[in-house]
Amino acid sequence: GGQFYFCEGKMIGVSPRKGYSCFWIKGMRHRFLSLQNIGRFEGYAKAEEDNEFDRYAIAIWREDFTHVGYLPARNRKLYNYEI
């Protein structure tokens, strides 16, 4: 089984695919997203080199270019990850 959490009364499942990890997405409340923007989605993570609040900020974006939030702060290992 996966993890579940509630957002404004809606239960959202979080289960990693093989070879992937789960992370909390922070700052979603400050983005005023609709529930359709925070359910399951395809997207990507991008290191932000100019973030004034977190030197190792990693932004999470939906495939439709909606900025969803950030991975938890100070994640240097993921920030420096290269494919």
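Let me begin with the core: the largest nonpolar core in this predicted model is made up of nine residues, namely Met28, Leu33, Ile38, Tyr56, Ile58, Ile60, Val68, Leu71 and Tyr79. As general background, in soluble globular proteins nonpolar side chains tend to be buried together.

Tyr56 belongs to the loop between β3 and β4, while Tyr79 belongs to helix α1, residues 76-79, so the pair ties together parts that are 23 residues apart in sequence. Tyr56 is buried because its relative accessible area, 15%, falls under the 20% limit, and Tyr79, at 18% relative accessibility, counts as buried too.

Let me turn now to the sheet. It is an open one of three strands, in the order β3-β4-β5, with antiparallel pairing, and its edge strands, each pairing on one side only, are β3 (43-47) and β5 (67-70). From one strand to the next the twist averages 25 degrees. Strand β4, residues 58-62, pairs with β5 over three bridges in the antiparallel sense; among the partners, Trp61 is bridged to His67 in β5, and Ile60 to Gly69 in β5. The two strands β4 and β5 form a hairpin with four residues between them, and in the turn Phe65 has a positive phi of about 70 degrees.

What does Arg31 touch, not counting residues up to four places away in sequence? Arg31 lies in the loop between β2 (10-14) and β3, and with that exclusion its contacts are His67, Val68, Gly69 and Tyr70. The side chains of Arg31 and His67 are joined by a polar contact of 3.0 Å. Arg31 and Val68 are 37 residues apart in sequence, yet from C-alpha to C-alpha they are 7.1 Å apart in space. Is Arg31 buried, exposed or partly exposed? Its relative accessible area is 31%, and it is therefore partly exposed, since that value lies between the limits of 20% and 50%.

Notes:
Residues numbered from 1 in each chain as written. Predicted model: local features only at pLDDT ≥ 70, side-chain atom pairs only at ≥ 80, totals over all residues. Heavy atoms only, no water. Pairing = 2+ DSSP bridges. Axes fitted to C-alpha atoms, helices over the stretch in contact; angles between N-to-C directions. Core = buried A, V, L, I, M, F, W, Y, C linked by side-chain atoms within 4.5 Å. Buried < 20%, exposed > 50% of the residue type's maximum accessible area, 1.4 Å probe, protein only. Contact = heavy atoms within 4.5 Å. Polar contact = N/O pair within 3.5 Å; in protein donor to acceptor, adjacent residues only side chain to side chain.
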